[in-house]
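Here is a short briefing on a predicted model. It covers salt bridges, then strand pairing.

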Amino acid sequence: MANRKYVYTFSEGRADMKGLLGGKGANLAEMTNIGLPVPPGFTITTEACKEFYIAGRKFPAGMEEEVEEKVAWLEQTLGKKFGDPNGPLLVSVRSGAVISMPGMMDTVLNLGLNDQTVIGLAAGSGNPRWAYDCYRRFIQMFGNVVLGIEHHKFEAVLEEQKYKRNVQYDNQLTAEDWQEVIEKYKFIVRKETGQDFPQDPKEQLYKAIYAVFNSWENDRAIVYRRIHKIPDDLGTAVNVQAMVFGNMGDDCGTGVAFTRNPSTGEKVLYGEFLTNAQGEDVVAGIRTPRPIDRLQEEMPDVYQQFVRICTLLENHYKDMQDIEFTIERNKLWMLQTRNGKRTAQAAIRIAVEMVEEGIITKETAITRVDPAQLDQLLHRRIDPNAKLNVIAKGLPASPGSASGAVVFNADLAESLSQQGKKVILVGTETTPDDIHGMVAAQGILTSRGGMTSHAAVVARGMGKPCVCGCEAIKIDYENKQFFVGDIVVKDGDVISIDGSTGQVMLGEVPMIEPELSPEFQKLLQWADEIRTLGVRANADTPEDAAKAREFGAEGIGLTRTEHMFMAQDRLPIVQQMILATDPEERAEALAKLLPMQEGDFYGILKAMEGLPVCIRLLDPPLHEFLPNAEELAVEISRLKLTDGDPAELKQKEDLLRKVRSLSEFNPMLGHRGCRLGITWPEVYAMQARAIFQATARLVKEGYQVEPEVEIPLVIDVKELAYLRKLVESVAEEVKEATGVNFHYTVGTMIEVPRAALLADEIATQAEFFSFGTNDLTQTTLGFSRDDAEGKFMQPYLEKKILADNPFIVLDRKGVGKLMQWTVENARRVKPDLLIGICGEHGGEPSSVEFCHLIGLNYVSCSPYRVPIARLAAAQAKVRNS
């Protein structure tokens, strides 16, 4: 360890050293090396952070000596010294993770100021107001970040001072005001910590570095990593950089900009700036900033230089950039560039237009869009014809629409969401500590802040609607309500927000179905050209099938026939079938169900003309169709106590005895699937007849249909052989009766480990396999899904026993190994065996990639996830070619 290098100057780094220098450090190095105006500084590596935690939160040996060397280099480079009252060196200390985590970790600005250097800074600059403003900011940030003093305690002092001076904004306070504030801030530090505010700049520096390392494990960073699936062992780098000042006067400023619009993807410079301000003023929403194009009017030369740099950076990184900058005395300084977070809509447009501009290839464009983000575009938006009760308008910070009950507290938002309630999180602004409430909410509404505020950036990353800077809203936290003029909206009242227009509306608003933009269609067309994995949809109705086809499905991978039996007009007939005491009674019920089922299959097969439709024969736990035993017992007791109708009483008592005789200790492992077909073959025969009669009708009408008859829950080849023979005999009967020859296939679901292990035997009787990964996950892990997710899944995830919820992300190590075994052994028997997946994993990107890797023919998912699966399948091909 003694020879390990822990500290690099910006000129020693490169963009491809992100793993060591973090994203911010690597990009500062890259900008330095391509000649952009970057304030000099150095980066303490992620390796130092990892060693810090290994050593029990102690700096690794040798790191402090390297920091001392680089501080000396920085002093020599700038001609300034730490602690020099005449020309003090001031630095920022910022985190910089390998994967961007905006706002999740800690930053300290203006480090190096103390009671002496602030006097020198004031004298040297000729601007005492600015110097003391810098010092109060430093005490406030250091006090909060390093000393752990709650932010609001400093804010209360500041608000009191502004109230006393009758001013609205911080920059309206004088040097004397700031000196008063500073003394009160130092008193807070003494009161909260029992010690004076540290005056030694070196002590300040090491405490700040310690705090940034320490912030890797703060609550909000942990939550953010869990949401975005960022590994916990990456650590953060620390960037120590010479300060430049945007708050020295009206020829100074600070801002954040994107090289393209992060909400729409339009190729136009997009961002905000504030004159006479420091960086946190923009992102914290303390003042509402102005659009970046206004900079052209105020500082035209600086603006033109900035535009040139933006173009250079976008072409250099070949991606849309998120840039932070400061202007000091009309000189432009670049503080950060990174690939900008964007909405799904923007990601698609940017990727497609960059291909058309010759900047990237189609393959690269495919990988630029996060498939999970597409959910933003595949769900409802506000009906443009709806009458809206618009009460306010803010900035359209993140597109999409949402309705929900108003909440003013992130903890409450999380709690209500867990109860299944939809909420809108409302606040003056959000902070990184609100991350859990933002995750839980349907959307976010703030009264302050701009398009690059914390709320806006985080909401866009999550794909949630957000309206920011809605200044018409006056929030009364104490009474849990907000006002818009005379209108009062209380905690729990329902509102709607439109993050595409910035509108805020009273009540719930009507929504309409999504439409796919031309850019989206083009990207999916490229995805279809690239991918080798097919994409089908799970659909149980003709309407679902039509929607699936609209979204590009290449067939139906699962039609659940039990869903068709749940309709109110059919349930009594199904119960008659289940409760039948002899074959004749059951045959009577089946005869009633046959035309209903035939109509179901006719509609779905017709909607998917020319494409395969996999129809699973009945597979429910039977108890789902039966009356509730407890409710029956209560009804029987009521009839007895009230001398009810004896005939009705006897009928209900007979029914209760039958229900109890059919009850099972574990219905999910009970009389369901092919076991039902083995014990009651007439049920499967009826369904097969309905499928084939619908097929024959359609063929007569000139349609090309491809039914696949699927036998569920097999554990042995003999089950499949028996039921296959049954299906084939029914098919021959229908062909003879109708005079129509039609094609069909018979296959099975692989849902239990025994079926997977005996895949080579079962394949001899199958023309296709489909993995039912919901049940395969339950039976492989021994988890009941409902119980696991409700009772013990979260501790498993928090303790890292499981990396992901296996019902959401396919368990590659366990379930995946069985799937791979199945594919290899089945195809030894039948090399061309069609194999797909129809569990919920079929629309989850990581699971789709695994299906590509093990050679499946297709995945099947819900209609709305078909575009996600198409894109994920193409990405799997690109990344694994």
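R672 is buried, with 3% relative accessible area. Its salt-bridge partner is D619, at 3.0 Å from N to O.

*Other pairs and the network*

- Salt bridges with shared partners join R129, D133, R136, R137, E159, K162 and D170 into one network.
- R697 and E598 form a salt bridge, with the closest N and O atoms 3.2 Å apart.
- That pair links helix 26 (residues 681-700), which holds R697, to helix 22 (residues 583-607), which holds E598.
- R697 is partly exposed at 34% relative accessibility, whereas E598 is buried at 13%.
- The count of salt bridges comes to 58.
- E51 and R4 meet in a salt bridge at 3.0 Å, N to O.
- E51 lies in helix 2 (residues 46-54) and R4 in the segment before strand 1 (7-9), so the pair ties together parts 47 residues apart in sequence.

*Strand 31*

- Y858 and S860 point one way from strand 31 (residues 858-861), V859 and C861 the other way, and all are buried.
- Strand 24 (residues 534-538) runs parallel to strand 31, joined by four bridges.
- R536 stands opposite S860.
- Strand 30 (residues 834-837) also runs parallel to strand 31, joined by two bridges.
- G836 has Y858 as its bridge partner.
- From strand 30 the chain passes through helix 33 (residues 845-853) to strand 31, in a right-handed β-α-β crossover.

Notes. Residues numbered from 1 in each chain as written. Predicted model: local features only at pLDDT ≥ 70, side-chain atom pairs only at ≥ 80, totals over all residues. Heavy atoms only, no water. Buried < 20%, exposed > 50% of the residue type's maximum accessible area, 1.4 Å probe, protein only. Pairing = 2+ DSSP bridges. Right-handed = clockwise from strand over helix to strand, strands pointing away. Salt bridge = Lys/Arg side-chain N within 4 Å of Asp/Glu carboxyl O.
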